[in-house]
Amino acid sequence: MDAEPASRSISSHLHRALAACRRAWSQAAKLTLDIALPTLCVACREPVEGEGVCANCWAKLSFIAPPFCPRLGIPFVYDPGPEMLSMEAIANPPAYARARAAVRYDDVARTLVHALKYQDRTDLAPAMGRWMARAGRELLDDADVLVPVPLHWRRGWSRRYNQSGALARIIERQTGVTVVAEVLRRIRRT
Ligand SMILES: [Zn+2]
């Protein structure tokens, strides 16, 4: 006799039906999540594929390219020739030897920085770290270590992570210059 007992047959049917329900539910849940939580462009809030900034806003970012002041890294409107410092660097020499910036701090750039610092948008760090590595290549070629700017411990608590450390890790991966965290401590909350 090859018929299975009625109770076992009902139970296996039930199991199969439940498994099918579970599969359908998990697919529906995934679909709902995809619909409810698309990645939004950090600047204009339009849905975006990939890394947090849509093509429109990307085009609005002004990446800094030569010619710029070799000391401050601020862009020149015209090329004054090699090693010419900006008026700002001559009039008010900074405490550091050289600085570089990836983009002008305008609307989109400001939104990006704020999203990374205050809105937990760590997904922006890889792209921003790569821009920084490119902008600072000349300085990074001579660098022994990378030291992220530390947060005051109270701010570290409220922000949960140090965005400067997150960027430094990306730059380390791009350039091979080692990150040395914990060598500086912020003693004043500024
Ligand atoms: Zn956008």
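D142 is exposed, with a relative accessible area of 54%; here exposed means over 50%, buried under 20% and partly exposed in between, using a 1.4 Å probe and protein chains only. The side chain of D142 meets that of R98 in a salt bridge, at 3.2 Å from N to O. Please keep in mind that this is a predicted model: local features need pLDDT of at least 70, side-chain atom pairs count only at pLDDT 80 or more, and totals for chains, interfaces and linings use all residues. Residues are numbered from 1 along each chain as its sequence is written, and side-chain values use heavy atoms, with hydrogens and water left out.

**Salt bridges**

- Side chains of opposite charge can pair when their charged atoms come close.
- The structure holds six salt bridges, a salt bridge being a side-chain nitrogen of Lys or Arg within 4 Å of a carboxyl oxygen of Asp or Glu.
- One of them is the pair of D142 and R98, at 3.2 Å.
- D142 sits in the loop between helix 6 (137-141) and strand 1 (145-146), and R98 in the loop between helix 3 (87-91) and helix 4 (107-118), so this pair ties together parts that are 44 residues apart in sequence.
- Helices (H or I, at least four residues) and strands (E, at least two) are DSSP runs, numbered from the N terminus.
- While D142 is exposed, R98 counts as partly exposed at 34% relative accessibility.
- R100 forms a salt bridge with E138, and their closest N and O atoms are 3.4 Å apart.
- That pair also links distant parts of the chain, with R100 in the loop between helix 3 and helix 4 and E138 in helix 6, 38 residues apart.
- R100 is buried, with a relative accessible area of 19%, whereas E138 is partly exposed at 41%.
- A further salt bridge joins the side chains of D123 and R121, at 2.8 Å from N to O.
- D123 counts as partly exposed at 33% relative accessibility, and R121 as buried at 14%.
- Salt bridges that share partners join R98, R100, E138 and D142 into one network.

- For comparison, the ideal angle at a metal with four tetrahedral donors is 109.5 degrees.
- C41 is buried at 0% relative accessible area, C54 is buried at 10% and C57 is buried at 2%.
- C44 is partly exposed, with a relative accessible area of 33%.
- A search of the whole structure finds zero disulfides, a disulfide being a pair of cysteine sulfur atoms within 2.5 Å.

**Aromatic rings**

- There are three aromatic pairs in the structure.
- Rings of Phe, Tyr and Trp (its six-membered ring) pair if their centres lie within 6.5 Å, and planes under 30 degrees apart count as stacked, over 60 as edge-to-face and the rest as tilted.
- W58 and F63 have ring centres 5.6 Å apart and planes at 45°, so their pair is tilted.
- W58 is partly exposed at 42% relative accessible area, and F63 is partly exposed at 31%.
- W58 and W131 have ring centres 5.4 Å apart and planes at 70°, so their pair is edge-to-face.
- W58 lies in helix 2 (residues 55-60) and W131 in helix 5 (residues 125-135), so the pair ties together parts that are 73 residues apart in sequence.
- W131 counts as buried, at 6% relative accessibility.
- Ring pairs link W58, F63 and W131 into a cluster.

**Charge over a ring**

- R110 lies over the face of Y105, at 5.2 Å from the ring centre.
- A charge sits over a ring if NZ of Lys or CZ of Arg is within 6 Å of the ring centre and within 35 degrees of the ring normal.
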